[in-house]
Amino acid sequence: MQQQQQPSNITRRHDPSHPHHHHQLTEEQQQFQLFQESLPKINRLVYQMLLNEIIPTSISVQNRLDESDDNSDAEQLKKLSISEKPVVPSHKLVSQMHEIKNEGRYNNILERIRTIGFKLGCKIADLLVFANNPNLNFRDMDLLAIMKFVCRDVWKLVFGKQIDNLKTNHRGTFYLIDYSYQPIKNFALNDDTNKLSAEELEKKELKSVEPFLELPVGIIKGVLEALGYNAKETICLATYIDLPNEDASHYGFSKGISFHVQVTNTTRQQQP
Amino acid sequence: MSSSAGQQQIKTLKVLGEDVWKNKVEKINSELFTLTYGTIVSQLCQDYDRDFEKINDELYKMGYNIGVRIIEDFLARTALPRCTDFNTTSEVISKVAFKVFLNLTPTIANWSQSNDAFSLIISDNPLSDFVELPIDAMKSLWYSNVYCGVLKGALEMVQLDCDVSFVSDILRGDNQTELRIKLNKVLKDEIPVIED
Amino acid sequence: MPQYFAIIGKTDNPVYEAQFISTQKKDGTQEFPSDLKELNPFILHASLDIVEDLQWQMSPISSEGNVSVSRGGFLRSKNASTADNCYLGKIDHFYGLAITAYITYSGMKFVMIHGTSTNTNEAIDDNNCRIFYQEVHELYIKTLMNPFYNASEPITSPIFDLRVRQLAKKYLK
């Protein structure tokens, strides 16, 4: 595949379609900034925790749905005792993931997380479009501009940082690379049993973290859908990639994430 | 009502909450929070086929899991000592915790005779912006039930075993949103069991 | 003059419709003639093709400087310039009835048939019409944010309906 490397640092808006110079904001931009600052705010930590809780909650929902499927007779009984049950801690739920043998169950969980991401992506795009940010002109955006919008604005909004690197072949294939994907930044599994080799432990860890990658996959597809690229014609997959050497040493999750996006129909807003 | 949480102390807590919110907290637009929570609730409605009891329960569990962890950050950021009585606890929840996390200060009201239960009256609930409950949900869904779970989990981590539940919600057509916290017992001062 | 307003989804599915009847008594015919009333949905549908043609070839309408800027709604920023692109203005007419349209970025079409008043050749007040559409757009976005509303399903909220009618009363004559 022919790939052309985009300027690796896309965090600076130096292309002319995105006039954005901090030292000389236009009046419009200043107004927009003031307006944004005047909107009600909450603590980002709360948001991060809510976002991360989507994953164990999706697992918990699956457990409960399977429970009622398995023994619908005993459902009434279970219903009575459900409030008495202790809450399963999130990290327990998450570490269940790598033990799930039933592929259907596993996929249901991932699908649920993706769906939440998708809905969220649609709404975020609608909201951002409606916010009339003078730095963004959605009307003139082509697919590349939209992917840049995902990398900068959407990622910054949801995850508090931008995508580190965007690559494209200019024919509908994109790689969005995040070397420190925020929701899993501080993840590290402990070996409760002390029996696992380093390799096994890493395998287990990567498997447990996988569902966390489905949320942004859904978000990307949702944003694209809202901006005129049908989700059925978009493929998005997340894979682990090695960190660049200079980053590998610092403490945190051991892998970077590459989101591979392929838009099979690059014409915006196909009419039915 | 006991006044052991004296005026001076309340004022100090208020200043602390405002200071932490203003200076030590990274902020985001609450719209994003509202949307994300709404998306979760909407997915739960779909998954549980509008069985609102189950949804309440799931939101509560989700909150509990947030609560047991968010308390760490809270204690670290505010450096507050152990509360000496439940009155102080109520003030800390309203003026510091809600302030620091959601930039809200719910009103404390309806203390029980025996001083072991109080209500938080939440106005401008950021979770319920844009929300219109469908008729079938009006009677049974506690839309913001995640709050109850968060408080339950967080209080448990500071050795307070409480019942936390909603009494009323503007979304259901009630005239205010009221959340009740009742202290069952103070847990023995032992290292809480945190499974890893 | 009366108006027939509709929101049409991406697959030409109806999402919302309403007829606005003027309350000013002195103005003569206040309602669509009943035969026309039934035709309204069809007239609108026919004009959707035009909307779709215009959809992606629109050059941004230069904002004429003094377009009444927003009142700082909850979601809205202080500048309304980019939203101006959504307003397509008068796109078609049908036996003297003007049809205006507005399209959102996600491809929702807002379309309106403007009935004639006795005072014929009355031009459409583009400024007010645009504001009407923009405000309905804002209401629509808020509806989208309601977790109990599924995008592209018909909007049944009485509050939405009430607010749209209030806007019509305010901006449309």
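A residue is buried if 20 or more other C-beta atoms lie within 10 Å of its own, exposed if 12 or fewer do, and partly exposed in between, with C-beta atoms placed from the backbone. A nonpolar core is a set of buried Ala, Val, Leu, Ile, Met, Phe, Trp, Tyr and Cys residues joined through C-beta atoms within 7 Å. The views below show a predicted model, in which local features need pLDDT of at least 70 and side-chain atom pairs count only at pLDDT 80 or more, while totals for chains, interfaces and linings use all residues. Residues are numbered from 1 along each chain as its sequence is written, and chains are lettered from A and ligands numbered from 1 in the order in which they are written.

**View 1. The largest nonpolar core holds 159 residues.** Among its members, A:Val150, A:Ile220, A:Val223, A:Leu227 and C:Val111 touch the most others. Helix H5 of chain A (residues 103–130) contributes the largest share of this core, twelve residues; helices (H or I, at least four residues) and strands (E, at least two) are DSSP runs, numbered from the N terminus. With residues up to four places away in sequence left out, A:Leu227 touches A:Ala125, A:Phe138, A:Ile146 and C:Tyr105. Contact here requires that the C-beta atoms of two residues, placed from the backbone, lie within 7 Å.

**View 2. Chain A comprises eight helices and six strands.** Starting at the N terminus, its elements follow the order β-α-β-α-α-α-α-α-β-β-α-β-α-β. Chain A has 272 residues, of which 39% count as buried.

**View 3. Strand S2 of chain A (residues 41–43) pairs with S1(B) in the antiparallel sense.** The pairing runs over three bridges; two strands pair if DSSP finds at least two bridges between them. Within this arrangement, A:Lys41 stands opposite B:Asn29 of S1(B).

**View 4. H4(B) has a kink of about 35 degrees, centred on B:Ile93.** The bend at a residue is the angle between axes fitted to the seven residues ending there and the seven starting there. H4(B) is largely enclosed by the rest of the structure, because 16 of its 17 residues are buried. After H4(B) comes B:Asn103, with a positive phi near 55 degrees.
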